[in-house]
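Visitor: I should like to go through this model term by term, with each label set against its definition.

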Amino acid sequence: MTEKIIFTPTEDDLRAAYGLHLKQMGWKRFAYLLLFGLAIGIAMAAYDGFDDMTKAIGLVAGMTLWAGIVALVMSVLVPTWWVPRLSKKIYNQQKDLRLETTSWWDDEKLHSSNEQGHAHLTFADMIKWRADDKIVLLYRSDHLFNFLPARIFKDDAHKNGLIRRLQDAGVPGEEQT
């Protein structure tokens with residue numbers, strides 16, 4: 001068992017968590033929007049009858065380009081505009097995020113508690129983890145995660161001890177630089 005870590009999550013911690021979470025979707029979102037634009041362009045060209053191939057190719061290329069521009073705009077707006085607003089709203093709504101929390105782990109589980117209750121999350125039940133220099137995300141499903149701010153760890157070895165436990169439990173993950 002590790003020593004108990006006592007911390008109070010901040011709005012910046014939550015912003016870092018959502019920022020890292022949404023980074024994983026960046027290239028997927030871009031590719032899906034390009035495919036969507038391509039599909040719409042093909043559908044519009046098919047509806048038009050494919051009588052003029054130059055016009056049809058221009059329509060398909062134009063819709064794909066439009067989707068690419070939308071994807072690029074989203075890749076800038078999501079982390080710089082949407083994530084800060086989303087994290088602020090959630091932090092203000094979810095009162096337990098402002099409570100002092102005590103966390104520790106053993107070989108099988110991450111334990112956390114605050115004045116509202118206790119959680120004992122089994123590493124083997126987690127589907128993945130992600131980490132960067134600000135946050136560690138522990139996923140219980142594709143979009144439900146618990147987070148531990150990197151600032152609460154004594155040093156990198158302490159943080160790596162948690163990651164090693166996750167890896168020993170067979171939980172896939174990645175560390176962003």
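This is a predicted model: local features need pLDDT of at least 70, side-chain atom pairs count only at pLDDT 80 or more; totals for chains, interfaces and linings use all residues.

Guide: Residues are numbered from 1 along each chain as its sequence is written, and side-chain values use heavy atoms, with hydrogens and water left out.

Visitor: What makes up the protein chain in terms of helices and strands?

Guide: The protein chain has 4 helices and 8 strands. Helices (H or I, at least four residues) and strands (E, at least two) are DSSP runs, numbered from the N terminus. Read from that end, the elements follow the order β-α-α-α-β-β-β-β-β-β-α-β.

Visitor: Why is the protein chain called more spread out than a compact globule?

Guide: The globule rule is 2.2 Å times the number of residues to the power 0.38, and the radius of gyration is taken over C-alpha atoms. For 177 residues the rule gives 16 Å, whereas the radius of gyration is 22 Å, well over that value; the protein chain is therefore more spread out than a compact globule. Along the principal axes, its C-alpha atoms fill a box of roughly 70 × 35 × 25 Å.

Visitor: How much of the protein chain is buried?

Guide: Buried residues account for 38% of the 177 residues. The term buried means under 20% relative accessible area, with exposed over 50% and partly exposed in between (1.4 Å probe, protein chains only).

Visitor: What makes β1 and β4 edge strands?

Guide: Two strands pair if DSSP finds at least two bridges between them. The open sheet of 4 strands is ordered β1-β2-β3-β4, with antiparallel pairing. β1 (5-7) and β4 (117-122) each have a single partner strand, so one side of each is left without a neighbour in the sheet. From one strand to the next, the twist averages 20°.

Visitor: How do you know that β3 and β4 pair?

Guide: The definition asks for at least two bridges, and 6 bridges join β3 (residues 109-114) to β4, the two running antiparallel. Histidine 111 has histidine 120 of β4 as its bridge partner, and asparagine 114 stands opposite glycine 117 in β4. A hairpin through 2 residues connects β3 to β4.

Visitor: Which strands form the sheet with mixed pairing, and where are its edges?

Guide: That open sheet of 4 strands has the order β7-β6-β5-β8. β7 (145-149) and β8 (173-175) are its edge strands, each pairing on one side only. Within this sheet, 4 bridges join β5 (residues 128-131) to β6 (residues 135-139) in antiparallel fashion, and tryptophan 129 stands opposite leucine 138 in β6.

Visitor: What is in contact with β5, β6, β7 and β8?

Guide: Helix α4 (residues 156-168) packs on the sheet and touches these strands (contact means heavy atoms within 4.5 Å); its direction makes about 160° with that of β5.

Visitor: How do you know that the length of α1 agrees with its number of residues?

Guide: The expected span is 1.5 Å times one less than the number of residues. For the 13 residues of α1 (residues 11-23) this should be 18 Å, and the end C-alpha atoms are 18 Å apart, which agrees. Buried residues in α1 include Leu14, Tyr18 and Leu22.

Terms used: Axes are lines fitted to C-alpha atoms, for helices over the stretch in contact, and angles run from 0 to 180 degrees between N-to-C directions.
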